[in-house]
Amino acid sequence: MDGWHGRILRINLSDENINIEEIDFHTAAEFIGGRGWAIKYLIDEMDPSVDPLSPDNMLIFATGPLTATPAPTGNRYMVVTKSPLTGALTNSNSGGSFPTEMKRTGFDMFIFEGRAESPVYLWINENDIKFRPASHVWGKTIPESEDTLIQETDPKAKVACIGPAGENLVKVASIMNDKHRAAGRSGVGAVMGSKNLKAVVVRGSVEPSFANPNKMRELSKQVNLEVGEDIKKGSSLREYGTAYVPPVTNELGILPTRNFQAGVFEGVDNISGNALKEKYLIRAKPCYRCPIACGRETEINEPDYKGAGEGPEYETIAALGSACGVDNLAAVTKANYLCNELGLDTISAGMTIACAMELSEKNIIPEEDIGFQLRFGDADAMIDLVQAMAHRDGFGEVLAEGSYRLAEKYGHPEYAITAKRLEFPGYDPRGSKGMGLLYATSNIGASHMAGDMAYAEVFGVPEKLDPLTTENKAALTKRFEDAFTIIDAAGLCVFLSVRYLFEPEVNLWPRKLTQIMNYATGADYDEESLLLAGERIFNLERLFLLKAGFTKKDDSLPLRMLNEPLAEGPAKGQVVELEEMLSEFYILRGWDESGVPTNEKLSELGLI
Amino acid sequence: MRVKLRLFATYQQFLPSNTEGNTIEIEVQGGTRVGDLMSLYDIPIGADSVILLNGITPSLNDHVKDGDVVSAFPAMAGG
């Protein structure tokens, strides 16, 4: 095959059985790769009602046909599994260098099943696959573990591993790769920990072949040049990282503040990209072969918050900063380093602490449960609770379960700002209604990466929409969801792909993306069949959700979003009018009034 | 009347070079439109820019009034 290797590595951790399987061309093309292949295997092989932390859950690492290719940002993979936080499907995306190296092992996808008897790591050096004891790194941080494992394997090996949080089955634990890149959401780290799998170490030189190598290189080069030209004119992502965003969302009145009690944060200038650049930035850092370089290599020398690493990203600043009422950038950055070292999702960690802060201020959580008076704005408490969460220490035991179970435990689940129990990211949907629809309909719960309507409503990509209206949002949300599905499945990064591989003027028409996919794989997509493939994957994920027991009532938002208008800012007085957008969305998706894909739709997609 | 001009991300380069932070307060005449402010500071308009008036998308022909905040940033997504 071209683009794809067409080879899947299946590993059973219970009996150490290794199987190398092939995938047929038709299935490969129908489901694109990455996120698409993974859901196909999950739904075909696994009972969606399994306990996510049991040996029966499948943990899948999946690259796409464009991973490890010259395609611009061809460097991503997805972790796909059933989430212990939400009980839904999850797919969690990451870049860096690991995904490229993983693809170079000669396998597109790894499937991990069962549970090892004691901590192990996998050393996958092309066709040489070994189970190795990991007790000596169990309990160690991400950077320590990575250094040790690289020393034991190969200086050029790349590592994806869990930290103490994943080992402790913290429901918001991440899988980190290249030390600072996160497959963050929905507790994928806990699934890996439940399998006693500490790390996956990869090394390889098997480059994918291409159906049309010349055109592949030519188009890739052309797009990279175009990106390079734009960057020369000025790139906010290169100069400030995603940290340029807090003042923007604040200006629109949608920066999550004090557990979404407000959308305007008085301390925003202290936690912006400007402040990060002035105080802690060492240099911009790209993922492998990316021309943008939005990553931040940073260092703090202030003794109270001393540390070094990468980040913080926008989401981290929103969750550990404004959502917690914290405007101390050193503290937010330090908390970010801790999350990366311990293997915690910065979004869910921050938003869970924010929830605890509100419950505490309202005297819903008694002080003795926490051990001190927890208040918004207490930066040091925020840092302490991040550590407690990773180690399930004291009140950290409760926080480790995520904000929904925290709030539910104290009788007030309405204060957990989640959809399907996944904590909201950094956009208050009362001031960005399309995001509200997205959060409610994403197959993994509230994730901006399921189809970021903020691109249009906040950032003006493809064009600036009025964020406060509900008209026509359903159609664009569906298109964004399908587009992001394709990008995820192909192995690319959304930052570059949406702007340069889709035609913005024609409602996100995947013209160049289709070309690149065909030059790589020879699969003969046209734009419509590629979009249909995205829809196919999205619907299969939806079927998984339904089989796992989710219904229309889970396509919902917290009461705060539906009933509590924002009190100030440009979105003052606004709530999310979800019902009207949702009905329209179901119709456009070809689902019935209960949100179930009709037989007609499933037949159109070739799923029945 | 006095209005604020607030620029984000790389558009901060269009602020006067001695500006601290991302906001300046300026004195403008009655009848000044959003588009006039953009021209005054050479800020790009069109599909590559997002321009806001008090956080809401205006027409470039909208008049500004005393106390308004006009902001702008490049149309680039990420975060």
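Strand 14 and strand 15 of chain A form a hairpin, with six residues between them. Helices (H or I, at least four residues) and strands (E, at least two) are DSSP runs, numbered from the N terminus. The model is predicted: local features need pLDDT of at least 70, side-chain atom pairs count only at pLDDT 80 or more, and totals for chains, interfaces and linings use all residues. Residues are numbered from 1 along each chain as its sequence is written, and chains are lettered from A and ligands numbered from 1 in the order in which they are written.

Strand 14 (residues 295-300) and strand 15 (residues 307-310) of chain A run antiparallel and are joined by four bridges; pairing requires at least two bridges found by DSSP. E297(A) stands opposite E310(A) of strand 15.

Helix 11 of chain A is mostly covered, with eight of its eight residues buried (20 or more other C-beta atoms within 10 Å of the residue's own, C-beta atoms being placed from the backbone). Among them are Y314(A), I317(A) and G321(A). These buried residues pack against helix 9 (245-251), helix 12 (329-342), helix 13 and helix 15 (379-391) of chain A; contact requires C-beta atoms, placed from the backbone, within 7 Å.

The axes of helix 11 (residues 314-321) and helix 13 (residues 346-361) of chain A come within 7 Å and cross at roughly 20 degrees; axes are lines fitted to C-alpha atoms over the stretch in contact, with angles from 0 to 180 degrees between N-to-C directions. Helix 11 is therefore roughly parallel to helix 13 of chain A (angles under 35 degrees).

Definitions and conventions: Parallel < 35°, antiparallel > 145°, perpendicular 65-115°, else oblique. Buried ≥ 20, exposed ≤ 12 C-beta atoms within 10 Å, placed from the backbone. Contact = placed C-beta atoms within 7 Å.
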